[in-house]
Amino acid sequence: MREKLFTKKNLRILKEIAVSDFKVRYQNSILGYVWTLFKPLLLFAVLYVVFSVFMRFPVENYQLYLLLGVIIWNFFAEATVIALRSFETKQSLITKIYFPRIIIVLSSTLTSFMTFVLNMLVFFVFLTLSNIGFHLSFFFFIVYVVELYFIILSVSLIVAALYVKFRDLSHIWEVLLQVGFWLTPIIYPLSMIPADYHRFIYLNPLARIIEYSRVVFIDGYIPAINLNVVLLLVTVLFFALSLLIFRKFEPQIAENI
Amino acid sequence: MDQIIEINDLSKIFRIPHERRNTLKENFLNFHRKVKFEDFYALKNINLTVEKGDFIGIIGRNGSGKSTLLKIIANIYSPTIGKVIVNGSISPFLELGVGFNGDLSARENVYLNGIILGLSRKEVDRKYKKIVDYAELADFMDMKLKNFSSGMQVRLAFSVAIQADADIYLCDEVLAVGDASFQKKCYETFREFMKTGKTIIYVTHDLPSVKEFCNKTALLDHGAILSFGPTEEVVKKYLESLDG
């Protein structure tokens, strides 16, 4: 039985759950919300001092370079960690009433997306204060945000579905995120890595998104079309794969949670 | 007559593993050994047709599969074998049906639940007063739900569930927690439903209420339907089986 997902009713449910998620996540303290906002900024400050002041990475506009990487990575890490447990947190709801389970993951990632948007506002303040002028290429970032969201949604769907079956995934995932943080060119410039290894780095779509976003903002032009096509294809394929995996696990979520 | 629910050859099997493996580590370390499962039939070859306007009682001992059956009708569990066809919208009230989020206020929970049951925000606005009055909780609506007593939670959940404009209402042990005056209210609601031609499936251990409301009753035993038909006969059979 496959029903339509984007009905008026389901969109209302999505909106209601996302809003209540947001409330629950932050109602306990205004400060709690401020902290999540500042988390990437604090991380940025520490990394900046270490790698720019102590180690003196030879990158122009390193602060923007680093900040953009940290914000994008933080969106990925936070969204997937919260989505992973989203069925567990919503247990009382999904064992009592039926609605498409994907709504839970959608709402969880959308809530994280709001934090990302606010973080990007901080980035734009830094950008305005820098000596980089306005470029039309800035607008192309929107494409990367959409691709970024779909990659995050795909990973979230997979880990959320698997977590119901494999409860140690939460620990494994945290380790994987640590590894991912250092394998993705967030802190270091790609130029520091031997060119032979670049293709391995670029297997990671996040590395592409982070690098291309930097080109768009800091270098002021849009990356070559073939690179963008590859990224788009990877995103679409990955999303399709995640839907397949999710569909397979979806019927058992309520009884296994 | 309109068949509103049709259940064909439904079986639900829970696989009970002899060893529990729900981590990747265990699966990884023991990949060469297959886990032995025991198949537990929570429901076995269920065939049931519900017609529009029916008030169906489902009775049986603890663990006979009553709640599992409701959960499958409500699309929360998926059938292992067989098919369930439902021609209408469902408002479920399952296992002290509290599909609530304890960290939200009672008011927010009413909206959340109402919208998941298919109402729009405006419709909940309109029905809000009715819901709160029915639950008799007007003074507590700004309280967080986790601070409610279980009786209060059930009252609120039931009040929302009956306000959803559904064709089918699933009621699992509605009366278990409410006090006597709330029970009376539930009965009145049942009578109203019967008048308006709603379809109700009613799971309970309270036989007098089954006799009063249900036109047909199903007796479940170890996951199978022992008998299905006019309530009087089925209840008699059930009482006999309890004695024997």
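The legends below describe close-up views of a predicted model.

**View 1. The side of chain A that touches chain B.** In this contact, 23 residues of chain A meet 26 residues of chain B. Helices H1 (8–26), H5 (91–94), H8 (169–183) and H12 (253–256) of chain A each give two or more residues to the side of chain A that touches chain B. H1(A) supplies the largest share, 7 residues. By residue class, this side of chain A holds 11 nonpolar, 3 polar and 9 charged residues.

**View 2. A:Val46 in helix H2 of chain A.** A:Val46 belongs to helix H2 (residues 30–54) of chain A. A:Val46 counts as exposed because 11 other C-beta atoms lie within 10 Å, and the limit for an exposed residue is 12 or fewer. A:Ile94 is 48 residues apart from A:Val46 along the chain, and the C-alpha atoms of the two are separated by 41 Å.

**View 3. The open sheet of chain B.** Six strands, in the order E5-E6-E7-E3-E8-E9, form an open sheet with mixed pairing in chain B. Strand E5 (90–93) and strand E9 (224–230) of chain B are the edge strands, each pairing on one side only. On average, neighbouring strands of this sheet are turned by 15° against each other, direction ignored.

**View 4. Pairing of E5 and E6 in chain B.** E5(B) pairs with strand E6 (residues 168–172) of chain B in the parallel sense, over 4 bridges. Within E6(B), B:Tyr169 is the bridge partner of B:Ser91.

**View 5. Helix H2 of chain B across the strands.** Helix H2 (residues 66–73) of chain B lies across strands E3 (55–60), E6, E7 (199–203) and E8 (216–221) of chain B. The helix runs at about 150° to E7(B).

Conventions
Residues numbered from 1 in each chain as written. Chains lettered and ligands numbered in written order. Predicted model: local features only at pLDDT ≥ 70, side-chain atom pairs only at ≥ 80, totals over all residues. Contact = placed C-beta atoms within 7 Å. Nonpolar A, V, L, I, M, F, W, Y, C, P; charged D, E, K, R; others polar. Buried ≥ 20, exposed ≤ 12 C-beta atoms within 10 Å, placed from the backbone. Pairing = 2+ DSSP bridges. Axes fitted to C-alpha atoms, helices over the stretch in contact; angles between N-to-C directions.
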